[in-house]
There are 2 protein chains.
Amino acid sequence: MAYKDNKGLIGGICEEELLDLADLFKMFSDSTRIKILYSLFDGEKNVSEICENIDMNQSAVSHQLKLLKSSKLVKSRREGKTVIYSLADDHVETIIAMGKDHIEE
Amino acid sequence: MAYKDNKGLIGGICEEELLDLADLFKMFSDSTRIKILYSLFDGEKNVSEICENIDMNQSAVSHQLKLLKSSKLVKSRREGKTVIYSLADDHVETIIAMGKDHIEE
DNA sequence: TTATCATATGAATGCTTGTTCATATGAGTA
DNA sequence: TACTCATATGAACAAGCATTCATATGATAA
């Protein structure tokens, strides 16, 4: 188990895990990042394609991709000159779907 | 339906809905707010009880409760001198559970 | 009414963070 | 090698935001 025993803590969750949770949701809290994730819903894309798709410049997208990757929400592989990004797992779509459920109620 | 037709937009979602989504997840992106939500998992509480539970001062908690309420994640009712807060619906727990799944993987 | 408890709110402050600009790195090609 | 395309990165700036402090509002009790 990655986290400490949950003793004497809010709702049975330790401070460290709480901060990690907040950091995770922080990734979904910016519209540029959500756009990037959304644009990967229909399959992997290289950086240029993502830029074009969401209409943002390369540097901004690259910075955000770095954050998304460090949060393990996307993964990447190099293919020649380009780098191809894709969703890391299906939690991403599930979390966003839950969010949509809420705001569409 | 609350949102416009999804035409020619990223992954079939309109800009407005995207911003709302980001705003929703922003609510989960702060550890104080997650603590508050967590502390409501086992039932409604008044403000003082929440403060005590998460060890934060009344003003900070009140400010965050206001945000959580405006995002419809919590609801409140007055009972005499106190105001009692509770989770607005079960999306909250589901979303947080998904987040935990991800970071605990 | 006055006093007190519980909660809300406005302003100020300091920290965080997304974007931009310039530049660097990495890979392919001639 | 030199040149170009694709991506990454560092620094700087501006905007956003969580907390604190002081104060206001709302409700009960005396």
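**Strand pairing and chain contact in a predicted two-chain model**

Strand β1 (residues 45–46) of chain A pairs with strand β3 (residues 82–87) of chain A in the antiparallel sense, over two bridges.

Q: Which residue of β3(A) is the bridge partner of A:K45?
A: Strands β1 and β3 of chain A pair in the antiparallel sense over two bridges. For A:K45, the bridge partner in β3(A) is A:Y85.

Q: Over how many bridges do β2 and β3 of chain A pair?
A: Strand β2 of chain A covers residues 74–79 and runs antiparallel to β3(A). Within this pairing A:R77 stands opposite A:I84. The number of bridges over which β2(A) and β3(A) pair is six.

Q: Which residue takes a positive phi in the hairpin of β2(A) and β3(A)?
A: The two strands of this hairpin have two residues between them. The residue with a positive phi, near 65°, is A:G80.

Q: What pattern does chain A follow when read along the sequence?
A: Chain A holds five helices and three strands, and its C-alpha atoms fill a box of roughly 50 × 35 × 20 Å along the principal axes. Read along the sequence, these elements follow the pattern α-α-β-α-α-β-β-α.

Q: In chain B, which residue of β3(B) is the bridge partner of B:V74?
A: In chain B, two bridges join β1 (residues 45–46) to β3 (residues 82–87), the strands running antiparallel, and B:K45 has B:Y85 as its bridge partner. Strand β2 (residues 74–79) of chain B also pairs with β3(B) in the antiparallel sense, over six bridges. The bridge partner of B:V74 in β3(B) is B:L87.

Q: How are the two copies related?
A: Chain B can be laid on chain A with an RMSD of 0.0 Å, by a turn of 180° and a shift of 0.0 Å along the axis. The two copies are thus related as by a two-fold rotation axis.

Q: Through which surface do the copies meet?
A: The contact takes 40 residues from chain B and 40 residues from chain A. Of the interface residues of chain B, 100% are also interface residues in chain A, so the copies meet through the same surface.

Q: How much of the area buried between chain B and chain A is on carbon and sulfur atoms?
A: Chain B and chain A bury about 3500 Å² between them. The part of this area on carbon and sulfur atoms is 73%.

Q: Which residue of chain A forms a salt bridge with B:K35?
A: Two salt bridges are found across the interface of chain B and chain A. In the one formed by B:K35, the closest N and O atoms are 3.3 Å apart, and the partner in chain A is A:E15.

Q: Which element gives the largest share of the side of chain B that touches chain A?
A: Six residue pairs are in polar contact across the interface of chain B and chain A. On the side of chain B that touches chain A, the elements that give two or more residues are α1 (15–27), α2 (31–39), α3 (47–54) and α5 (91–104) of chain B. The largest share, 11 residues, comes from α5(B).

Q: How many residues on the side of chain B that touches chain A are nonpolar?
A: The residues on this side of chain B include 10 polar and 12 charged ones. The number of nonpolar residues is 18.

Technical notes:
Residues are numbered from 1 along each chain as its sequence is written. Chains are lettered from A and ligands numbered from 1 in the order in which they are written. This is a predicted model: local features need pLDDT of at least 70, side-chain atom pairs count only at pLDDT 80 or more; totals for chains, interfaces and linings use all residues. Side-chain values use heavy atoms; hydrogens and water are left out. Contact means heavy atoms within 4.5 Å. Buried area is the accessible area (1.4 Å probe) that two parts lose on being put together, summed over both. A salt bridge is a side-chain nitrogen of Lys or Arg within 4 Å of a carboxyl oxygen of Asp or Glu. A polar contact is a pair of N or O atoms within 3.5 Å; within protein, one must be able to donate a hydrogen and the other to accept it, and residues adjacent in sequence count only if both atoms are side-chain atoms. Helices (H or I, at least four residues) and strands (E, at least two) are DSSP runs, numbered from the N terminus. Ala, Val, Leu, Ile, Met, Phe, Trp, Tyr, Cys and Pro count as nonpolar, Asp, Glu, Lys and Arg as charged, and the others, Gly among them, as polar. Copies are superposed by least squares on the C-alpha atoms of residues with pLDDT of at least 70 in both. Two strands pair if DSSP finds at least two bridges between them.
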